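Subject: Structure for your review

Dear colleague,

Please find the structure below, followed by an account of what was found in it.

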Number of protein chains: 2
Amino acid sequence: MGASGAVGQEFLRVLDEQNFPVDNLLLFGSKRSAGTSYTFRGQSYTVKELTANPNDFKGVDFAFVSAGASVSREYADIITAGGAIMIDNSSAFRMDADVPLVVPEVNGDDALTAPRGIIANPNCTTIQMVVALKPINDLSPISRVHVATYQAASGAGAAAMQELEQQHRSIADGETPEVNKFAWQLAYNLIPHIDVFTDNGYTKEEMKMHLETKKIMHAPELEVSATCVRVPVMRAHSEAIWVETRDAITVEQAREAFAKADGVVLLDNPAEKVYPMPLDAAGLDPVFVGRVRADLANPRGLSFWAVSDQIKKGAALNAVQIALYIMSRWRML
Amino acid sequence: MGASGAVGQEFLRVLDEQNFPVDNLLLFGSKRSAGTSYTFRGQSYTVKELTANPNDFKGVDFAFVSAGASVSREYADIITAGGAIMIDNSSAFRMDADVPLVVPEVNGDDALTAPRGIIANPNCTTIQMVVALKPINDLSPISRVHVATYQAASGAGAAAMQELEQQHRSIADGETPEVNKFAWQLAYNLIPHIDVFTDNGYTKEEMKMHLETKKIMHAPELEVSATCVRVPVMRAHSEAIWVETRDAITVEQAREAFAKADGVVLLDNPAEKVYPMPLDAAGLDPVFVGRVRADLANPRGLSFWAVSDQIKKGAALNAVQIALYIMSRWRML
């Protein structure tokens, strides 16, 4: 659902890459994208307009939904009525007590109990952060996180990526760049404003990192303060992260933990100019971690830099991994 | 000195904008830029090659030097021999005990005692940060700072800015962008690597923020942990900053302090999409502060976002302000 969007298109690639067992594939979209055809494993599928017909979802095992929170809210009952598990990429149900919020490397078992048939995929910035926090948290519980994000245009969708490219083309041609998808011009600029502002001065994007991290990590006392910034990068998010742990952890311990953690690739050899960068991470699966060092402002602190493709692990890949996790536990694989 | 560089050119503009009293102007540069002419207040001046001739600096009151650390080290004695005050933009002397490191809004009086005739201009990232820290520190002493920077191409000089522009032009034309001035491609990318790496895993750029902040603020116990990142922006640096103070400070107190602080302009009205952005700050004098809010991960913490033109307040303007500060205290103005 949302088949024509940046994440929807990635779903098709990821399902194939992950060897997801597909007997039948249904593509849904808005009226506008209905009728468009996409190829999956050599076969052509046409996008159907999403309507309130529960028969459309008969026999569906997993519904990967990425069409915005209001669409998810409107169609959740229809999608799940016939027993389908809805894996929802929107923010609609993430904080609901009866909807698990899952990153398989961190809390995969939470996906095994979904009373409403809905499992929420966390926000992209949260997903890549918790994958990196997990190995540290296993060494000693994390009490605080400070994080500054550097978020790619992809987080605002395919049209936003095109707008960034077009802005750069206009500037190169000496023209005034058009601004539609972002609050301000993004080319050669930074916008410290993603999603809407809340009463405490944080944006919703920043509060997602605060609230979702607690829920995924089962750590109500873990406090996150985030500053989320849109940067003129195409499709991988980067995060400068500081953590405080209950007991002091050495840089060596942290590096070892990252090196063997699920979903993490450690790229940390400054002498050889090896550290994660969004241009290298685009299109790839892992969360890349580097720049691991002691926090000079906190004896129980560590600092590191995490980069991951926002459309892959930050969206489509994580959702598909949730389904794969459930299938493996249910012996469906 | 360094008249043809990005900072050197800005010196000429800033001296004029600040109504700096100039009886005689001498421009020095490398062999390569010698012979080039620049206009200042309607008169043309030709760049002279810098040599070891102390007569060149006879009668000079202030020497604004921006030609890299090794040139500063080589020529400091020659420049200051005749009584000139050398205001040095390089890192050569910043941490020397007998060289004051000055940001006029923070520690202007330190400039009045310069036993070697050298005053150091801090690193650009430090300058804009301490201007923003000062009003908070005046409310209650700051004990820790966590800062993630978003640094423009200008920090690497005029040729680096051209390279970023050229990279974008090449990409728009479907060509492979050339990489010379940065460690990696900067267009559509982020490089978490500015200046060289030190043994503790921090870069020199990050350690400058740590060490210079202590010296400028006379606060050896103030600890700074920085992550410095190059972003594809042309000429203003941005910083996501978290501070911990001895006593808790409210957001309202912080906003009031920023609003009346020297050198700071508060841009903090999220409801109207008002917050600092590098594109708006380019070419302007102040340090723009916004996104002021409580640190959700620290009851004695605050978080904010500071943006300032790296070539102006981060380099040329601060140096000229040091000279103006000295002249005003010496009743030369």
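Is B:Phe62 buried or exposed? B:Phe62 is buried, with a relative accessible area of 13% (buried means under 20% relative accessible area, exposed over 50%, and partly exposed in between, with a 1.4 Å probe and protein chains only).

Two notes on conventions apply to what follows. This is a predicted model, in which local features need pLDDT of at least 70 and side-chain atom pairs count only at pLDDT 80 or more, while totals for chains, interfaces and linings use all residues. Residues are numbered from 1 along each chain as its sequence is written, chains are lettered from A and ligands numbered from 1 in the order in which they are written, and side-chain values use heavy atoms, with hydrogens and water left out.

B:Phe62 lies in strand β5 (residues 62-65) of chain B; helices (H or I, at least four residues) and strands (E, at least two) are DSSP runs, numbered from the N terminus. Leaving aside residues up to four places away in sequence, B:Phe62 touches B:Phe20, B:Ile85, B:Ile87, B:Ala323, B:Ile326, B:Met327 and B:Met332, where contact means heavy atoms within 4.5 Å. The C-alpha atoms of B:Phe62 and B:Ala240 are separated by 35 Å, the two residues being 178 residues apart along the chain.

Strand β13 of chain B

Strand β13 (residues 301-309) of chain B is largely enclosed by the rest of the structure, because 9 of its 9 residues are buried. In a regular strand, side chains alternate between the two faces of the sheet. Here B:Gly301, B:Ser303, B:Trp305, B:Val307 and B:Asp309 point one way from β13(B), and B:Leu302, B:Phe304, B:Ala306 and B:Ser308 point the other way.

β13(B) has antiparallel pairings with strand β10 (residues 236-245) of chain B, through 9 bridges, and with strand β12 (residues 287-294) of chain B, through 6 bridges; two strands pair if DSSP finds at least two bridges between them. B:Ala236 stands opposite B:Asp309, and B:Phe288 stands opposite B:Val307. β12(B) and β13(B) form a hairpin with 6 residues between them.

A:Asp309

In chain A, A:Asp309 lies in strand β13 and counts as buried, at 0% relative accessibility. Its side chain reaches the backbone nitrogen of A:Gly283 at 2.5 Å and that of A:Ile311 at 2.8 Å. Residues touched by A:Asp309, not counting those up to four places away in sequence, include A:Arg235, A:Ala236, A:Leu284 and A:Gly314.

The interface

The contact between the chains takes 59 residues from chain A and 59 residues from chain B. The area buried between them is about 5200 Å², of which carbon and sulfur atoms give 63% (buried area is the accessible area, 1.4 Å probe, that two parts lose on being put together, summed over both). A:Tyr188, A:Leu190 and A:Leu296 supply 15% of the area that chain A buries against chain B, more than any other three residues.

Across this interface the rule finds 4 salt bridges, each a side-chain nitrogen of Lys or Arg within 4 Å of a carboxyl oxygen of Asp or Glu. A:Glu206 forms a salt bridge with B:Arg293, with the closest N and O atoms 3.6 Å apart. On the side of chain A that touches chain B, β8(A) gives the most, with 7 residues.

Yours sincerely

Technical notes
Polar contact = N/O pair within 3.5 Å; in protein donor to acceptor, adjacent residues only side chain to side chain.
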